[in-house]
Amino acid sequence: MGGGVVSEPLRLGRILYTNVWPVYHYFDPSSLSFPATTRTEVPAVLNRLLLEGELDMSPVSSFAYATASNDFLLLPDLSVSADGPVRSILCFSRKPFAEAVHGRIALTNTSATSVNLLKVIAEKAYEAKPEYVTCEPDLEEMLQHADVALLIGDHAIRADWANTDYTVTDLGAEWKSWTGKSMTFAVWTVSKKAAERYPKQIAELAAAFAASKQRSAENVTPVAIKAQEKLGGELEYWQGYFANLNYDLTPERLEGLSLYFRYVREMGLLPQKAEIEIWSDNTQIRVNE
């Protein structure tokens, strides 16, 4: 069936948060040569839908890819990464982070990658043995019950803007200073079944995302204006926010990602070894072997 006619629409996912916007700003599903539907959800929901076979292609948190890497391929040169501060994966605490991390940590319920990154940093970098509780992303509520609160995405950004009382710790910066490597938070994945069945359509999708990403990289202001309209804040903030993130999947990103996978595996958070396999135009041949 390689490259055959799509009998049903390809089912695409999209992460709810602003950090993926540069990849989507100039991406128009209606201009594809085949029908496609899009579901926009928080990472945790997309992860579940992809694993249950309800989506063919979606960006997901890196950890979700690791849990089922045998069934999925990464689209080339697409990620949400940071080589240092990420600005939207933040821990809030009343005491210095190095001290607070030994107490109780309130985790967000919206993404597994950030939660497990925090566990790795707390237990490996700081040799802490904290107690974890999972909460809705409400900072004041979280810090009533815990010493550290983890927020991600737009929840983290808004809480950071409003913050006057808490110490803010950026997990991207923590990871970089501890490991010397960049951290990849999300990747674009395609199921091996869809890659085998619809190689031409997947190639068209990958090219469309690459083109949108490239246009955004050349001038991030239109994306920043849209973010300001939706979430408020200063235009300069959003220009800096998007310019600070990396959307590539270079060998350097893959190195940081592999190290993260190794650590979560060592800590027993990941049941099996994650194999990183990247889709290419000849993937359908490799998958069929």
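Modeller: Buried means under 20% relative accessible area, exposed over 50%, and partly exposed in between, with a 1.4 Å probe and protein chains only. This is a predicted model, where local features need pLDDT of at least 70, side-chain atom pairs count only at pLDDT 80 or more, and totals for chains, interfaces and linings use all residues. Residues are numbered from 1 along each chain as its sequence is written, and side-chain values use heavy atoms, with hydrogens and water left out.

Biologist: Why does Ser69 count as buried?

Modeller: Ser69 has 2% relative accessibility, so it counts as buried.

Biologist: Which residues does Ser69 touch, not counting those up to four places away in sequence?

Modeller: Ser69 touches Lys192, Lys273, Ala274 and Glu275. Contact means heavy atoms within 4.5 Å.

Biologist: What lies 3.0 Å from a polar atom of the Ser69 side chain?

Modeller: The backbone nitrogen of Glu275 does.

Biologist: How many cavities of 30 Å³ or more does a search of the whole structure find?

Modeller: The search finds two. On a 1 Å grid over the protein atoms alone, a cavity is a set of points where a 1.4 Å probe fits but cannot get out; lining residues have an atom within 4 Å of a point. A volume is the space filled by probe spheres set on the points, which are joined across faces, edges and corners. The largest cavity has about 140 Å³.

Biologist: Which residues are closest to the centre of the largest cavity?

Modeller: Of its 16 lining residues, they are Asn19, Pro43, Ser111, Ile152 and Phe185.

Key:
Polar contact = N/O pair within 3.5 Å; in protein donor to acceptor, adjacent residues only side chain to side chain. 1 Å grid on protein atoms, 1.4 Å probe; cavity = no way out; pocket = protein on both sides within 12 Å on 5 of 7 lines; lining within 4 Å.
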